[in-house]
Amino acid sequence: MNGQFTISSQIPDNYTASRLTLEAMKLLRHIITIVCMVASFIANAGEQLTANAKGAANQPTAVEQQLLQGTWKGVLVGDEAQKITITITGNSLHFHRDTNFWFETTITLPAGKDPKQLHATIKGCPSSQASSIGKVVRAFFKIEDGTLTLATIGDDAEETPKSFEGAGTRYELREVQPQEKNTQPPKTK
């Protein structure tokens, strides 16, 4: 009997050890699942923060682009005889001085520039300017009191002037307000 007791006492010890090992494995599996879920939430939150930061960084650019929309008429500062019209629709900018000097461009507004910048990639122009297609014209701009001041600058290697007065080619334009159609018939006297 003594041997049976010894054998039976060893079986519960092995059984208890196996049971503890099984319980530890289950607990470890739960811990791993929780860690994976937390890691997933953290990764997703990081992606959302990055996306939100990109959206927030693009907001000022989108607002600036919206403010530029419309038709602007003005002159080349220093040569007021050169009258120009700029029409901006979406990311398209049409610059027109005369039949021999006009440009169809696509614009971007780089974020974080001070003063604000506009980069116009030339897509169309008169045949006399055909070598300009594909070139990027860089300008800086401001809108104050209904006036758009636009000054061209050199390439990225050159520092952007901080003053519009010191800029080489500078335009001052006023937004042309769209004419509202009169839906009322003319009044007779």
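Strand β5 is mostly covered, with six of its eight residues buried; strands here are DSSP runs of E of at least two residues, numbered from the N terminus, and a buried residue has under 20% relative accessible area, an exposed one over 50%, and a partly exposed one a value in between (1.4 Å probe, protein chains only). The model is predicted, so that local features need pLDDT of at least 70 and side-chain atom pairs count only at pLDDT 80 or more, whereas totals for chains, interfaces and linings use all residues. Residues are numbered from 1 along each chain as its sequence is written, and side-chain values use heavy atoms, with hydrogens and water left out.

Two strands are taken to pair if DSSP finds at least two bridges between them. β5 pairs with β4 in the antiparallel sense over five bridges, and T105 stands opposite I122 of β5. Pairing of β5 with β6 is likewise antiparallel, over five bridges, with Q117 opposite F140 in β6. The loop between β4 and β5 contains P115, which is joined to D114 by a cis peptide bond with omega of about 0 degrees. In the loop between β5 and β6 lies S132, a buried residue with a relative accessible area of 14%. Apart from neighbours within four places in sequence, S132 is in contact (heavy atoms within 4.5 Å) with F103 and I122.

A positive phi of about 50 degrees is found in D145, which is not a glycine. D145 is in the loop between β6 and β7 and is exposed, with a relative accessible area of 75%. Most residues other than glycine have a negative phi, and most peptide bonds are trans.

A nonpolar core is defined as a set of buried Ala, Val, Leu, Ile, Met, Phe, Trp, Tyr and Cys residues joined through side-chain atoms within 4.5 Å. The largest nonpolar core has 21 residues, of which L68, I86, L93, F95, L118, F141 and L173 touch the most other members. At least two residues of this core come from each of β1 (70-76), β2 (79-89), β3, β4, β5, β6, β7 and β8 (170-176). Another core, of five residues, lies apart from it and includes F140, A151, I153 and F164.

The largest pocket holds about 340 Å³ of space. Of its 16 lining residues, F95, F103, V137, T152 and Y171 are the closest to its centre. A pocket is an open set of points on a 1 Å grid over the protein atoms alone, where a 1.4 Å probe fits, with protein on both sides within 12 Å along at least five of seven lines; lining residues have an atom within 4 Å of a point. Grid points are joined across faces, edges and corners, and the volume is the space filled by probe spheres set on the points. β3 (92-98), β4 (101-108), β5 (117-124), β6 (136-144) and β7 (147-153) each supply at least two residues of the lining.

Notes:
Helix = DSSP H or I, 4+ residues; strand = E, 2+ residues; numbered from the N terminus.
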